Amino acid sequence: MSVQIALDDKTNDLIMLSNGRGIARVSEGRYTIQLVKNKLLTELGEWLLDPSLGWINSSDMEKNKDLFELEVRAKRIILRTVGVQKIDTFELVLVERKLTITFTATTIYGVIDLTVPWSL
C-alpha cells in the first residue's frame with residue numbers, strides 16, 4: 001500500500017496534522033484523485049526544471065480555441081494517471097477564459113467523480 005502526502009481539496013496546500021507535528025497522508029483511491037486533479041491544474045511549462053510538464057497554456061485560450069484538442073489532451077492526462085483504467089463520462093466547458101472539466105473514471109480503487117476548474 002502506497003501512502004502519499006494529503007492535499008487540501010480546495011487550496012491544494014499540505015494538510016497539517018491537528019497536533020501540528022507532521023503532515024496528513026492519503027492512500028490509494030484518494031491519492032489517484034489528487035494526482036489527476038493536480039495534473040489537470042498544471043500549466044504547460046509551469047515547472048522550470050521540466051518545461052514539458054503540464055498540458056494547457058495561455059495560447060490555448062486565444063480567439064480560435066480548439067476544444068477538441070483540449071478534450072483529447074485532458075483525456076490523455078486522465079488516462080495516463082496511475083490507477084485510472086477508463087473514462088466513463090467527460091464534459092469540457094469553456095466560458096470566456098474559464099475551462100471546467102467534469103468527468104467520472106473507473107480506477108483500480110473504484111469510480112471517481114471530479115470537477116476541475118482551470119482559468120488564467
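Okay, let's start with the pocket. The residues lining the largest pocket are Asn 38, Lys 39, Leu 41, Thr 42, Glu 46, Trp 47, Leu 53, Gly 54, Ile 77 and Arg 80. Please keep in mind that this is a predicted model. The space in that largest pocket comes to about 240 Å³. If you sort the lining by class, you get 4 nonpolar residues, 3 polar ones and 3 charged ones.

The chain has 2 helices and 5 strands. Reading from the N terminus, the order is β-β-α-α-β-β-β. For dimensions, the C-alpha trace covers about 50 × 30 × 25 Å along its principal axes. There are 120 residues in the chain, and 32% of them are buried.

Trp 47 sits in the loop that runs between helix H1, residues 29–40, and helix H2, residues 67–79. Leu 41 is also in the loop between H1 and H2.

So is Trp 47 buried, exposed or partly exposed? Its relative accessibility is 48%, so Trp 47 goes down as partly exposed; the exposed class would need over 50%. Leu 41 is partly exposed as well, because its relative accessible area is 25%, and buried would mean under 20%. One more thing on Leu 41: Pro 51 is 10 residues away from it in sequence, and the C-alpha to C-alpha distance between the two is 15 Å.

Trp 47 turns up again on the surface. Together with Leu 49 and Leu 53, Trp 47 makes a nonpolar patch, and the three share about 360 Å² of accessible area. And if you look back at the pocket list, Trp 47 and Leu 53 are both among the lining residues.

Next topic, salt bridges. How many does a search of the whole structure find? The search turns up 3 salt bridges. Let's take them one at a time.

In one of them, the side chain of Glu 69 meets that of Arg 73, at 3.1 Å from N to O. Why does that spacing along the helix make sense? Glu 69 and Arg 73 are 4 residues apart in helix H2, so about one helical turn separates them. As for accessibility, Glu 69 is partly exposed, with 31% relative accessible area. Arg 73, on the other hand, counts as buried because its relative accessibility is 16%, and the cut-off for buried is under 20%.

Another one pairs Lys 75 with Glu 71, and here the closest N and O atoms are 2.8 Å apart. These two are also 4 residues apart in helix H2, which means about one helical turn lies between Lys 75 and Glu 71. Lys 75 is partly exposed at 28% relative accessibility, and Glu 71 is partly exposed at 27%.

The remaining bridge is between Lys 86 and Asp 88, with 3.4 Å between the closest N and O atoms. Lys 86 has a relative accessibility of 45%, so it counts as partly exposed. Asp 88 is partly exposed too, with a relative accessible area of 34%.

Go to the loop between H1 and H2 for Trp 47 and Leu 41. Then go to helix H2 for the pair Glu 69 and Arg 73, and for the pair Lys 75 and Glu 71. That's it from me.

Definitions and conventions: Residues numbered from 1 in each chain as written. Predicted model: local features only at pLDDT ≥ 70, side-chain atom pairs only at ≥ 80, totals over all residues. Heavy atoms only, no water. 1 Å grid on protein atoms, 1.4 Å probe; cavity = no way out; pocket = protein on both sides within 12 Å on 5 of 7 lines; lining within 4 Å. Points joined across faces, edges and corners; volume = space filled by probe spheres on them. Nonpolar A, V, L, I, M, F, W, Y, C, P; charged D, E, K, R; others polar. Patch = residues over 30% accessible without salt bridge, like charges linked within 9 Å, V, L, I, M, F, W, Y side chains within 5 Å. Areas by Shrake-Rupley, 256 points an atom, 1.4 Å probe, with all protein chains shown as cover. Salt bridge = Lys/Arg side-chain N within 4 Å of Asp/Glu carboxyl O. Buried < 20%, exposed > 50% of the residue type's maximum accessible area, 1.4 Å probe, protein only.
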